[in-house]
Amino acid sequence: LFGKNVFAQDLSLFNVNKTTDSLRAILSKTSKPIEQFTLLNKIREANDATYGNFFDTSVGVQLFRIAQQLKNDSLLAISLNVIGNYFRSKGESPIALEYFFKAIPLAEKAKDKRRISSLYLDIAESYSSLKNEEESFKYAEIAKGYLPDRYATMYDYMAGQYYRTIGRYYLRKKQPDSALVYIQQLELVNRRLPKPNYQLIELIQKAEAYTLLKDPEMAE
């Protein structure tokens with residue numbers, strides 16, 4: 001079983017590499033800024049979606065420069081979000097927060113609900129990393145109000161982030177029953193959107209909740 005899982009992961013990595021190679025080939029042939037932005041962002045997303053951030057901050061800077069050239073608020077918000085997430089991935093949450101907060105008014109001006117919810121959830125995650133759970137909870141609840149419509153393409157992706165953040169909040173508050181309400185919602189998201197890192201978080205949070213409930217068999 002372990003061997004099959006490793007093979008599946010290797011195959012997924014192969015598919016990601018194949019995708020990014022194809023996108024890079026197209027990128028090398030285009031001179032239109034909007035197409036360059038879209039392709040760069042798709043390359044970033046293909047690498048980042050399942051296996052983590054493989055890029056340095058230069059990708060975010062490239063996106064930002066193109067967005068400035070186009071004078072596009074929505075694209076500027078995306079690029080600042082990308083740069084902020086780079087710093088968050090490096091454990092530099094205070095710097096990340098500066099970029100996220102700079103992006104909020106741009107996303108609001110563009111009326112980009114998906115980006116607004118993403119930014120507030122990233123702000124919540126940053127505060128959680130700083131052990132400020134009350135601020136984390138506050139901004140996650142703000143993000144909830146901007147989630148895409150229930151049947152929109154990005155709903156599960158964004159809702160999963162909300163549920164994991166609130167689940168963690170209640171676990172850190174030693175309230176496992178409340179945590180399980182949100183963890184169960186994350187489980188439903190995972191049935192519709194089989195995303196390995198979401199599934200991993202679901203299992204870890206369940207184990208923590210059942211440990212707090214003194215149910216070692218379920219925790220195991």
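1. Helices here (H or I, at least four residues) are DSSP runs, numbered from the N terminus, and Lys206 and Glu202 both lie in one of them, helix 10 (residues 196-212), 4 residues apart, or about one turn of the helix. The side chains of Lys206 and Glu202 meet in a salt bridge, with 2.9 Å from N to O; a salt bridge is a side-chain nitrogen of Lys or Arg within 4 Å of a carboxyl oxygen of Asp or Glu. Salt bridges that share partners join Glu187, Arg191, Glu202 and Lys206 into one network.

2. This is a predicted model, in which local features need pLDDT of at least 70 and side-chain atom pairs count only at pLDDT 80 or more, while totals for chains, interfaces and linings use all residues. Residues are numbered from 1 along each chain as its sequence is written, and side-chain values use heavy atoms, with hydrogens and water left out.

3. By the salt-bridge rule the count comes to 12. One of them pairs Lys113 with Asp149, whose closest N and O atoms are 3.8 Å apart. This pair links distant parts of the chain, 36 residues apart, with Lys113 in helix 6 (residues 113-129) and Asp149 in the loop between helix 7 (133-144) and helix 8 (155-172).

4. Lys173 and Glu134 also form a salt bridge, at 2.6 Å from N to O. Lys173 sits in the loop between helix 8 and helix 9 (176-192) and Glu134 in helix 7, 39 residues apart.

5. On accessibility (buried means under 20% relative accessible area, exposed over 50%, partly exposed in between, with a 1.4 Å probe and protein chains only), Glu202 is buried at 8%, whereas Asp149 is exposed at 54%.

Terms used. Helix = DSSP H or I, 4+ residues; strand = E, 2+ residues; numbered from the N terminus.
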